[in-house]
Amino acid sequence: MSVQRVPVLVVGGAYTGLTTALSLAARGVRPLLVERRPTVSTLPKAWGLNTRSQELLNTLPGVARRIRAAIAGTQWPRMSHGVSLADPGRRYLDPPEGPDPRELSAVPPLAWISQAQVEEILRVSAEEAGADIRLGTEMTSLVQDDDKVTATLREAATGRTYTVEADYLVAADGNTSPTRDMLGIAVEGSGVIGHMYIITFEADLTRFVKKGAVEVIGMPGSGSSFILDGSDRHTLWVDYFPERGETPQDFSEERCLERIRRAIGDPEIDVTFINARFFPINHKMAERFREGRVFLAGDSAHACPPNGGQGGNLAIQDAYDLSWRLALVLTGQAGPALLDTYETERRPLIDITLRREVELAKISEGRVPASYNPADPNAPIPMPKEFLGFRCHSVAVRTEAGDDGSLQEDPWHPTGRPGGRAPHVPLSDGLREFSTHDLFGRGFVLLAGYEAPEWVTAAERAARRLGVTLTAYRLGDRFTDSDDLWCRRYGVGPTGASLVRPDSVVAWRSRGAADDPQAELEAALTAVLAR
């Protein structure tokens, strides 16, 4: 029997796996993704893509236009507290006044879209890009050696088993990750810190909210909260306490309908029950994200409470950050040691989010905070500093002398230091306006100042000599920075340059001219690529 060989086997077909598959395929590495479910999920599960996730996904083929279409006309979600949905005294919690988020990115501060919609967009886009996606297929075992991972796969419909060999395997199989268990990787953290039931239903709520309303509604004291995402299906999140004797039988269809009507505030309203499912509130981090040629990403590597809506965003970002590294190694542009930087960079940033989400869960009922003052700067809610002001530290970053090693900075006052997200700067080519982030994603990008044509020449020569995908742009050649922000936000002068990785993180910069720009750039690339 012949054994199929693939560059990357992805196990799991939700946010993490689909983003990994699409990102690899878009970079010329055709992966195989297996998902034990026969179809992608049609349940909402989670909502909202933060700015960072949108910027990354927009670099992948087919995604940006589909997300734009999905969120066209979608309202900004409002948050309120009340006794019920029908409560005329429901109090709206408006976000605090602050700097304009449009200064940070060209994408919306939040794309209010369900996980089910995003996963369908990712699946279609991944298949268009060439990924091999096999639903209804599970991995039953794996072994690995220095050269490959050998996995046994089983088709659920037929029971047929077969073997696949892969250069690398990405475990994207969720919080209970069988792959993680096969590898014997333990988890750290507080474990299960609470429980919820998610009740999905259909009902005409237009007597209480506008049709298509996008709202997050808390009902303090009830242990419940609504999420209305503008669709015909609605979700009620309910606290569940098995330690107090509650059981799954407390969430029978009859009792769920009673709970829904009570939360709506109308005991007679016509409601169609869809389902109720258990959801553990976790705080977990795998002891390590790598075992040989196998990598953990998304919920298999870490899990956090859903209250701030960042678990899915972390999964997307993990997948992107791992996939561009895998693609560079598999195409011979980087050394294998580059893969070690995935965990080195991601782990401390993930830990910040996990710890904050745990604090947010402490003041929440159902899905949303029951006691929350949006004007409180210390409230444990997701903020741009967390997902746009992050800073990475590893050998894939050419840290400058005197760097303080900080993990965050104020995104409204970016420094352009290596390790941080490349700042958004509006650009214009005379016909349209776009963002610096529209230049990133495929490979490395060198941005050079107005007075630095030598950096462009150096980049072209370095790319040929090293065999690296590197595109160079000089401000003033094909586009201009009409607001004269680029030098300030990137921390370089008009003769300087900034090298940006595929994940839009600054890898290295030269504040000004160099005696030998090609040598400087080649040294930086060689170090960052672990060559």
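Student: How many bridges join strand E4 (residues 78-81) to E5?
Tutor: Some ground rules to begin with. This is a predicted model, where local features need pLDDT of at least 70, side-chain atom pairs count only at pLDDT 80 or more, and totals for chains, interfaces and linings use all residues. Residues are numbered from 1 along each chain as its sequence is written, and side-chain values use heavy atoms, with hydrogens and water left out. Strands (E, at least two residues) and helices (H or I, at least four) are DSSP runs numbered from the N terminus, and two strands pair if DSSP finds at least two bridges between them. Here, two bridges join E4 to E5, and the strands run antiparallel. In that pairing, histidine 81 stands opposite arginine 91 of E5.

Student: Which strands form the open sheet, and in what order?
Tutor: Read across it and you get eight strands, E5-E4-E12-E13-E14-E11-E15-E18, with mixed pairing. The edge strands, E5 (91-92) and E18 (302-303), each pair on one side only.

Student: Why is strand E14 (residues 233-239) described as largely enclosed?
Tutor: Start with what buried means: under 20% relative accessible area, against over 50% for exposed and in between for partly exposed (1.4 Å probe, protein chains only). Six of the seven residues of E14 are buried, so the rest of the structure largely encloses this strand.

Student: What are the partners of histidine 234 in E14?
Tutor: Phenylalanine 201 stands opposite histidine 234, and leucine 228 has histidine 234 as its bridge partner too. E11 (residues 187-203) pairs with E14 in the antiparallel sense over seven bridges, while E13 (residues 224-229) is joined to E14 by five, also antiparallel. E13 and E14 form a hairpin with three residues between them, and glycine 230 in the turn has a positive phi of about 90°.

Student: Now a helix. How far does H4 (residues 115-129) reach from its first C-alpha to its last?
Tutor: The expected span is 1.5 Å times one less than the number of residues. With 15 residues, H4 reaches 21 Å, close to the 21 Å expected. Just after H4, glycine 130 takes a positive phi of about 115°.
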